Amino acid sequence: MKPVKIGLLGLGTVGGGTVSVLANNAAEIARRAGREIQIAHAAARAYDAGAIDGLERIGRIGDDAFAVVEDPEVEVVIELIGGYSPARELVLRAIENGKHVVTANKALIALHGNEIFAVAREHGVTVGFEAAVAGGIPIIKAVREGLAANHIEWVAGIINGTGNFILSEMRDKGRDFADVLAEAQALGYAEADPTFDVEGIDAAHKLTILGSLAFGIPLQFERCFTEGISKIGALDVAYAAELGYRIKHLGIARRGEQGIELRVHPTLIPERRLLANVDGVMNAVLVKGDAVGPTLYYGAGAGALPTASAVVADLVDVVRTLTTDPSNRVPHLAFQPDELADTPVLEMEAVETAYYLRLSALDQPGVMARIASILGEHGISIEAIKQQEPGEGETHVPLVMLTHRVRERQMNAALAQIEALDSVQGEIIRIRVEMLSG
Ligand SMILES: NC(=O)C1=CN([C@@H]2O[C@H](COP(=O)(O)OP(=O)(O)OC[C@H]3O[C@@H](n4cnc5c(N)ncnc54)[C@H](O)[C@@H]3O)[C@@H](O)[C@H]2O)C=CC1
Ligand SMILES: N[C@@H](CC=O)C(=O)O
Ligand code: NA
């Protein structure tokens, strides 16, 4: 059989890794796919030729990405440029030209996936996006196919490698946030705009995709609650440890009676949980299905070769199904497109969690009692409390509390009232707590 001809857009971290994996494992990949895979035409604005193994095997390299998607020789386009534009226009044009697409671009899928999948369906082509969620972990394959028998109850994961690398290095080595972020950028883990990593936007893109796959709802990035790690301080990491917890940046999608929770935020997790022990650039996703119970998927969430592993796996899937009737292919969002549900995604104020609170309170009798009574008035009960001794000459002491579960709306109201007390100084730090059991 003739080789399958591929067009590749972008030759950076993931593009370079993809060229290398296709070159280094060419024979085994062909044995699996049933056909040899050749990169016929690649385009990149810039690339480091010396750093990419197998570059010489590419038929033609230019700088015009649109020339690749218009190239009649190309059957499958791999989009590894990133960002919304021109990635969206390139992917849509490739689809309109009858080409299958593989992409690692979670921003693109989370925001424009509904449109892209609809157009792909019209044209009878597949869009693979395994690399877009949790890098090398085959989580999309697992949720979409491996768990197809289940009513999925919840998904909770560490789904940003850069953020987890920063939190791990801060906790284990006491390193400075900015210094670790610079290293993550040098290692190729971070997004082109690293605020996407540290402010949780990248994790929200991925959680949006996971939520759709798990619950069969359209992609709704705008409904995902998003909080990053930039406000996590060494003090909270230390207090959490004293209480027997670790702070992880989690994406949580949960199906409840009122609707679906879709939220990304720093989270205290009991230190003995597996997720609490996932460090560095590693990602892990816990999926609870009603039949299978809890299942855990672990692996590198970023980096050239791990991400290329997912890109090439999608490519092999596409090649295997090139001759399949499009209506028999695995649906993009796991459920048949006309079976997507309109279950609402809840406002964060309607979500219930336990909380870690840290505040600075005047060291005087009655202050703690007043704070506890405000919490009580809002139906919030305290599970644990740590009050520090004041430092030499200090009037205020740090007060750390763990609360029982309560709706975010009640917590917001209570915190506003406590922050307004003269005896409380500055902003109250709040971190949500999840036990992740069962
Ligand atoms: N770096 C990682 O570990 C991971 C990245 N991703 C995603 O993979 C995609 C690529 O990311 P990286 O490889 O890290 O980016 P990168 O910045 O290392 O590489 C981007 C490549 O695209 C080229 N490019 C940019 N705009 C272009 C244009 N208009 N026309 C032609 N070429 C253009 C650049 O010259 C470069 O070769 C992004 O969507 C990213 O979110 C997904 C998982 C992991
Ligand atoms: N910037 C992302 C790359 C992979 O998706 C991350 O750090 O996880
Ligand atoms: Na993946």
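**Entry 1: strand 17 and its partners**

I began with strand 13 (residues 352–362) and strand 17, which run antiparallel and are joined by seven bridges. In my notes, strands are DSSP runs of E with at least two residues, helices are DSSP runs of H or I with at least four residues, and both are numbered from the N terminus. I count two strands as paired if DSSP finds at least two bridges between them. Within this pair, leucine 357 stands opposite arginine 430 in strand 17. I then looked up strand 10, which runs parallel to strand 17 (residues 424–433) and is joined to it by two bridges; here threonine 267 stands opposite arginine 432 in strand 17. As a reminder to myself, strands of a sheet pair through backbone hydrogen bonds, either parallel or antiparallel.

**Entry 2: what I am looking at**

This is a predicted model, in which local features need pLDDT of at least 70 and side-chain atom pairs count only at pLDDT 80 or more, while totals for chains, interfaces and linings use all residues. Residues are numbered from 1 along each chain as its sequence is written, and chains are lettered from A and ligands numbered from 1 in the order in which they are written.

I next traced an open sheet of six strands, whose order is 3-2-1-4-5-6 and whose pairing is parallel. Strand 3 (60–62) and strand 6 (127–128) stand at the edges with a single partner strand each, so one side of each is left without a neighbour in the sheet. Inside this order I checked strand 4 (residues 76–79) and strand 5 (residues 100–103), which run parallel and are joined by four bridges, and I found glutamate 79 opposite threonine 103 in strand 5.

**Entry 3: domains**

The protein is divided into domain 1 (4–137 + 305–339), domain 2 (139–300) and domain 3 (351–433), with bounds that come from an automatic or database domain assignment. The C-alpha centres of domain 2 and domain 3 lie 26 Å apart. Their contact takes 12 residues from domain 2 and 11 residues from domain 3, where two residues are in contact if their C-beta atoms, placed from the backbone, lie within 7 Å. On the side of domain 2 that touches domain 3, helix 11 (234–242) and strand 10 (260–270) each supply at least two residues, and strand 10 gives the most, with six residues. That side divides into six nonpolar, two polar and four charged residues; Ala, Val, Leu, Ile, Met, Phe, Trp, Tyr, Cys and Pro count as nonpolar, Asp, Glu, Lys and Arg as charged, and the others, Gly among them, as polar.

**Entry 4: the two ligands**

For ligand 1, I listed the residues with a C-beta atom, placed from the backbone, within 6 Å of it. Of the 28 residues around ligand 1, Gly10, Gly12, Gly82, Ala104 and Ala302 come nearest. Helix 1 (residues 13–24) gives the largest share of this shell, three residues, and domain 1 and domain 2 each contribute at least three residues to it. The residues around ligand 2 include Gly135, Asn160, Tyr189, Glu191, Asp197 and Asp202, and by class this shell has three nonpolar, five polar and three charged residues.

**Entry 5: glutamate 191**

Where does glutamate 191 lie? I found glutamate 191 in the loop between helix 8 (177–186) and helix 9 (195–198). Glutamate 191 counts as buried because it has 21 C-beta neighbours inside 10 Å; the cut-offs are 20 or more other C-beta atoms within 10 Å for buried, 12 or fewer for exposed, and partly exposed in between, with C-beta atoms placed from the backbone. Leaving out residues up to four places away in sequence, glutamate 191 touches Phe196, Asp197 and Asp202.
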